[in-house]
Amino acid sequence: MLKRTHRINELNDSLKGKEVIINGWVDRVRDLGGIIFVWVRDRYGIIQVLFEPGSHAYEIAKKLSVEYVIGVKGTLRERPKDAKNLDLASGDLEILAIDLEILAESKTPPIYINREEGSEDIRLKYRYLDLRRKSLQSNLIFRHKLMQKTREYFNSLDFVEIETPYLMKSTPEGARNFIVPSRIKKGTFYALPQSPQIFKQLLMIAGFDRYYQIARCFRDEDLRADRQPEFTQIDVEMSFVDQEDVQKVIGDLVKYLFKETLNIDIGDVSSMKYSDAMELYGSDKPDLRFGMEMRNLKDKISTDNLGFLKPSEKEEVKMMIVPPNEVLSRKDLDGYAENAKSSNLKLGWAKFVDGKFTGGIGKLLAGVDLGVKSGETVLICTGERNNLNSFLGRVRIDIANKIKIIPDKTFKVLWINEFPMFEWNEEEQRFQAQHHPFTMPYLEDLENEDLSKIRAHSYDLVINGWEMGSGSVRIHTRPLQEKIFKLIGISEEEAKRRFGFFLEAFEYGAPPHAGFAIGVDRLVSIMVGASSLREVIAFPKTTSGTDLMMDTPSEVTEEQLKELGIRLEGNS
C-alpha cells in the first residue's frame, strides 16, 4: 500500500520538488484526452494530481471515478500561473504523479459529495457519504473543539467529570421515558434518562461539590425540527451555591466558548424576569437582536375611541411599532388582522406619515400621541393577556424576518429568571411542574392557593431567541420535596414507590445545591449558523424519529420478545 507521508493540508512551498505520498478520495476527474487531472480529497483539504501519458500511473488513472479511495505518489510542484485555483488552499500547488494505487473502488454515489444539494432524506439514508461533505465535517470538528474547551473550562474550576447510568428508574420529568425491558427480571423495565437530574443531585449529597458531564439524554416526545429523541447536554451541578453563582459559572462558560472557538466577545450576559419577557416580547426566549417590544396601552391612553379595538375590563390592549420599510404590504398587515381573529383577538394597523396616521385604523388614532416616528407602522391588538402576548410575539418574529432587520453574526445572550413553578395540564386536568418537581419554589409564594402564581428558582439561558438550556436551585429537604409532590398530585405512596431512595437520601445531610444543563446540539447549531440540528449531529433522526440509514425503529424477532416476556397487542 502507498502509505501517506503527508496530509493534504501539510503540503506547502517548502516541499516543492520533493516526492510525497497522499491518501484520499477522488473528488473529481477531468480527462483531457492527453492529460488526466484528478482532485484528491482527505479530511484536511483538496489538491490536484496530474497524470501524464506514457506512465504506469496514467494507465491506472484511466479507471478512476469519483469516490474511489487511492494512494498517490508524486512530485509536489507549483502550478502554472494561469492554472492556479484561488478557491483551494492548495490551489497554487499540484502533484505530478509517479505511482498510483487504487485502494477501494466506489459505485456511483447516490448523492453529490462536493455540492450542497440533494434530497435530505437521501442524504440521511446515505449519511456515511453525506458526512464526507466539507460543511458537515467542519461542523462536527467544531463540535469536537467545543467539547474540548468545555472540559478545559470546568477542569480549571475544580469540577469533577462523572458518568451517570443510562439504565435507570422511570421518573416524571416532563416528557415520556424510553422504556427498556429487563430479560432477567421479566415484567420489569428500565428507563433511559431524560437527564441525569436525580443522579447529579445524589452526587451533591455524596459530597462531590462540583460536577459536570457531557451527558446523553433521551426523551420519547413528539418531535419538531429543533428536537431529536436523543441529544447531548453539558450537565452541571454545584453545592453551597445560589442562583447567581450558577449563572456566573455558566455565563462565563458561554463567553469562554465563543471567544475560544469563534474569537467573538459576546459581552455581558443580561437577565430578565419571565413575566417581563412575556409582556415585552410575548416569549420566554426573546430574540434581543432587534427591537419591536410590545407596549401596554390600556393605562396609557383613553381606549374609549378605539372603536372595535376597545378592550373589555378583563382584556388588554397592546401596541407594537414596526420600523420603516418597503417590504410590508397592506395585504400582509390585513393578513395579521385576519390571523388575530382566529386567535380570538382583534388587531388593527396604521402608518404614520407626515405627522398623521393613515390606512387601516388611522382615523381612530387621529390626535393620539403614541410616540411613533415618520414611516413607522403601528399594530394595536386587543384580547386576553396570555393569548395576546403569544400572538404578538409570533407576529414580531415573522415581521422581523420578513423585513430583514435581524442582524447576522450577532449573538444576544440573556438569562430568563423567575419562571412559574407550575403549569396547567389541560389533558390531565391538573397542575404539573413546569421545569421539574425538584425545583426550589420561592418559599414566600407557597401560601398562595393559586398554584399558577408560585414562582420557581429556575432559569433559562437564551441566545438569539433559542433556549440553550435550563437550570434551577434544587429542593434539598424531604418535607418540602414531599409537599411539592403533593401539590402536583403525586400521592405519598406513589412518591415512595418512585422516589423512595431519593427522599431517603435527603435525611442524611443534603447540602443546598443548584445546577444547569446546556443543549450541545442547539449551542453548536447557533454558533456555526446551521439551518438544522441535523447539520451538527453525526447520525441524526428525522423529525418523525426515524433513522433512514439503519431503518429504525424496526421490528424484533418473536424469539427476542419471548425472552423478554413481551407479547405485542394483537398477537396470539
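Begin in this predicted model with the largest nonpolar core, which has 62 residues; select Phe 154 and Ile 463, the two that touch the most other members.

Return to Phe 154 and display its surroundings. Leaving aside residues up to four places away in sequence, Phe 154 touches Phe 159, Tyr 212, Ile 234, Val 236, Val 249 and Leu 253. A further selection, Ile 8, Val 40, Ile 70 and Leu 76, shows members of another core, of 25 residues, that lies apart from the largest one. In soluble globular proteins, nonpolar side chains tend to be buried together.

The tour now moves to a sheet. Select strands E12, E13, E16, E14 and E15, in that order: these five form an open sheet with antiparallel pairing. Strand E12 (294–296) and strand E15 (356–358) are the edges; each has a single partner strand, and therefore one side of each has no neighbour in the sheet. On average, neighbouring strands are turned by 30° against each other, direction ignored.

Within the sheet, examine strand E13 (residues 316–322) beside strand E16 (residues 377–383): the two run antiparallel and are joined by seven bridges. Centre the view on Ile 321, which stands opposite Val 378 in E16.

Helix H8, residues 330–342, lies across E16 and strand E14 (346–353), and runs at about 155° to E14.

Technical notes:
Residues are numbered from 1 along each chain as its sequence is written. This is a predicted model: local features need pLDDT of at least 70, side-chain atom pairs count only at pLDDT 80 or more; totals for chains, interfaces and linings use all residues. Side-chain values use heavy atoms; hydrogens and water are left out. Two strands pair if DSSP finds at least two bridges between them. Helices (H or I, at least four residues) and strands (E, at least two) are DSSP runs, numbered from the N terminus. Axes are lines fitted to C-alpha atoms, for helices over the stretch in contact, and angles run from 0 to 180 degrees between N-to-C directions. Contact means heavy atoms within 4.5 Å. A nonpolar core is a set of buried Ala, Val, Leu, Ile, Met, Phe, Trp, Tyr and Cys residues joined through side-chain atoms within 4.5 Å. Buried means under 20% relative accessible area, exposed over 50%, partly exposed in between (1.4 Å probe, protein chains only).
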